[in-house]
Amino acid sequence: VMPSSQAEEKQAPVEESEPGLENKAWSCLVFYLCFYGFMAQMRPGESFITPYLLGNFTKEQVTNEIMPVLTYSYLVVLVPIFLITDYLRYKPVLLLQGLSYVCVWLLLLFGRSVLHMQLMEAFYSVTMASRIAYSSYIFSLVCPARYQRMASYSRAAVLLGVFTSSVLGQLLVTVGRVSFTVLNYISLGFLIFSLGLALFLKHPKRTRMCGGALPYELDQMHPSVGHLEPQGKMGRLLRSCRESFLVRMLHEVGTSLQLPQLYLWCLWWIFNSAGYYLIVYYVHILWNVVTRVYNGAADAASTLLGAIMSFAAGFLKIRWALWSKLVIAAVTAVQAGLIFLLYNTQNIWICYAAFMVFRGAYQFLVPIATFRIASSMCKELCALVFGINTFLATVLKTCITLVVSDKRGLFLDVRSQHPTILTLSGAQIPSPWLVGPCWSRI
């Protein structure tokens, strides 16, 4: 596998030699993918699902019977989805996500029992697990020279969709006095439209595996000595397992992880994502401890800032193979400082500002990590690696929650939890140098 720095040097002239017609096709492709990513986030009723449920079920039913299903089912469906996403070439998984979203809102609107709502949470977990398909799909349609721009554009489009959806939902509720039921019907209409857009997405053709050969070509390149066939049913079963698409993909992933750049950004993804979502999950409780003023506006503003930072990341021109460690360490140090400030101030406006910058810093590095991982391996493995990273981050986040927050663990209040999350973020600052001996080979 070619080191990422060499790959970048060979990729550089590709973008310059592209004709005007190809640039026009590239622009149309970018616009449609970003428009789809934007519209797929238009769910103005999503911010009000919990109040809607509380209007139809008791607080105990929502808290102890309905919402926990999301966590459990997400862990169950995440692994099979990221294992099949590359094999199915992304588009079927995007269609599955769209259909699952439609099922979620149909159950919200027409479901009447706790079982219906639990099924709704199960479908919602499918939509969450399927998000890796969009992140991987965008790289299957463009050349490696376009990866950084494509990652930033698509991430910015998604965040702008979340921002627009949140603002629209808030305006409809507070200004238009729209009921939660009508808001859910509006969300269902947007979701049906985005499902229609998914039908017209280009289906990527299967390309060659990382080594430049398809499975049957690998057999021709590395024939067995004397063409010895394994004997018996067990031998044939072992041979079929070794030659299966999944086993070959996992082998390629293991080989690719020897690249220090891929290893570095995967570590960042796992640890930073776990810390980020722990902050996002509990920050509203912290704000409620301080006071409640403009929580919704703070969420919308932080999402908008994240979209701007993601877009700006696409235009950052530095030698990532050389400066990745420094960028990760600097941004993570800023995040750690913001977490310390967030949990140690009594001023709600400082809380808002610290959270906005913290979220913007994370969204700045996400597209960079996405395109760096994609650039370090073949297109066939993107969803598998993204899924593994997401799964490990989810496991880490769940373990921390069980130990720190759960009543069966330490059962700490929101302010007492901040040293754990701060330690999780601070541990990432020296972590880039743990791959120092490997980095010298780049």
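Analyst: A polar contact is a pair of N or O atoms within 3.5 Å, where, within protein, one atom must be able to donate a hydrogen and the other to accept it, and where residues adjacent in sequence count only if both atoms are side-chain atoms. This is a predicted model, in which local features need pLDDT of at least 70 and side-chain atom pairs count only at pLDDT 80 or more, while totals for chains, interfaces and linings use all residues. Residues are numbered from 1 along each chain as its sequence is written, and side-chain values use heavy atoms, with hydrogens and water left out.

User: What makes the pair formed by the side chains of S302 and R359 a polar contact?

Analyst: The side chain of S302 makes its polar contact with the side chain of R359 at 3.0 Å, a value to set against the limit of within 3.5 Å. S302 itself is found in helix α15, residues 295-313, where helices (H or I, at least four residues) are DSSP runs numbered from the N terminus.

User: Why is S302 called buried, and which residues is S302 in contact with beyond four places in sequence?

Analyst: S302 has 1% relative accessibility and therefore counts as buried, since buried means under 20% relative accessible area, exposed over 50%, and partly exposed in between (1.4 Å probe, protein chains only). Contact means heavy atoms within 4.5 Å, and, leaving aside neighbours within four places in sequence, S302 is in contact with F355, M356 and R359.

User: How do you know that S194 is buried, and what lies 2.8 Å from a polar atom of its side chain?

Analyst: S194, whose place is in helix α10, has 6% relative accessibility and so counts as buried. The backbone oxygen of L191 lies 2.8 Å from a polar atom of the S194 side chain.

User: Why does V30 count as buried, and how far apart are V30 and S154 in sequence and in space?

Analyst: V30 counts as buried because its relative accessibility is 11%. V30 and S154 are 124 residues apart in sequence and 8.1 Å apart in space, C-alpha to C-alpha. The place of V30 is in helix α2, residues 20-39, and, leaving out residues up to four places away in sequence, V30 touches M150 and Y153.

User: How many aromatic pairs are there, and why is the pair of F35 and F193 called edge-to-face?

Analyst: Rings of Phe, Tyr and Trp (its six-membered ring) pair if their centres lie within 6.5 Å, and planes under 30 degrees apart count as stacked, over 60 as edge-to-face and the rest as tilted. By this rule the count comes to 22 aromatic pairs. The rings of F35 and F193 have centres 6.4 Å apart and planes at 80 degrees, so this pair is edge-to-face. The pair links distant parts of the chain, with F35 in helix α2 and F193 in helix α10 (residues 180-199), 158 residues apart. F35 is partly exposed because its relative accessibility is 31%, and F193, with a relative accessible area of 42%, is partly exposed.

User: What makes the pair of Y90 and Y137 edge-to-face?

Analyst: Y90 and Y137 form an edge-to-face aromatic pair, with 6.5 Å centre to centre and 75 degrees between the planes. This pair links distant parts of the chain, 47 residues apart, with Y90 in the loop between α5 (68-88) and α6 (91-110) and Y137 in helix α8, residues 131-137. Y90 has a relative accessible area of 0% and is therefore buried, and Y137, with a relative accessible area of 0%, is buried.

User: What is noted about the phi of Y90 and the phi of R177?

Analyst: Most residues other than glycine have a negative phi. Phi of Y90 is near 70 degrees, a positive value in a residue other than glycine, and phi of R177 is near 55 degrees, likewise positive in a residue other than glycine. R177 has its place in the loop between α9 (147-174) and α10, and R177 is exposed because its relative accessible area is 69%.

User: What is the mean pLDDT of the chain, and where does pLDDT stay under 50?

Analyst: pLDDT is the predictor's confidence in each residue, from 0 to 100. The mean pLDDT of the chain is 77, and 70% of its residues reach 70 or more. pLDDT stays under 50 over residues 207-229, for which the model has 24 contacts beyond four places in sequence, and over residues 432-442, for which the model has 20 such contacts.

Definitions and conventions
Helices (H or I, at least four residues) and strands (E, at least two) are DSSP runs, numbered from the N terminus.
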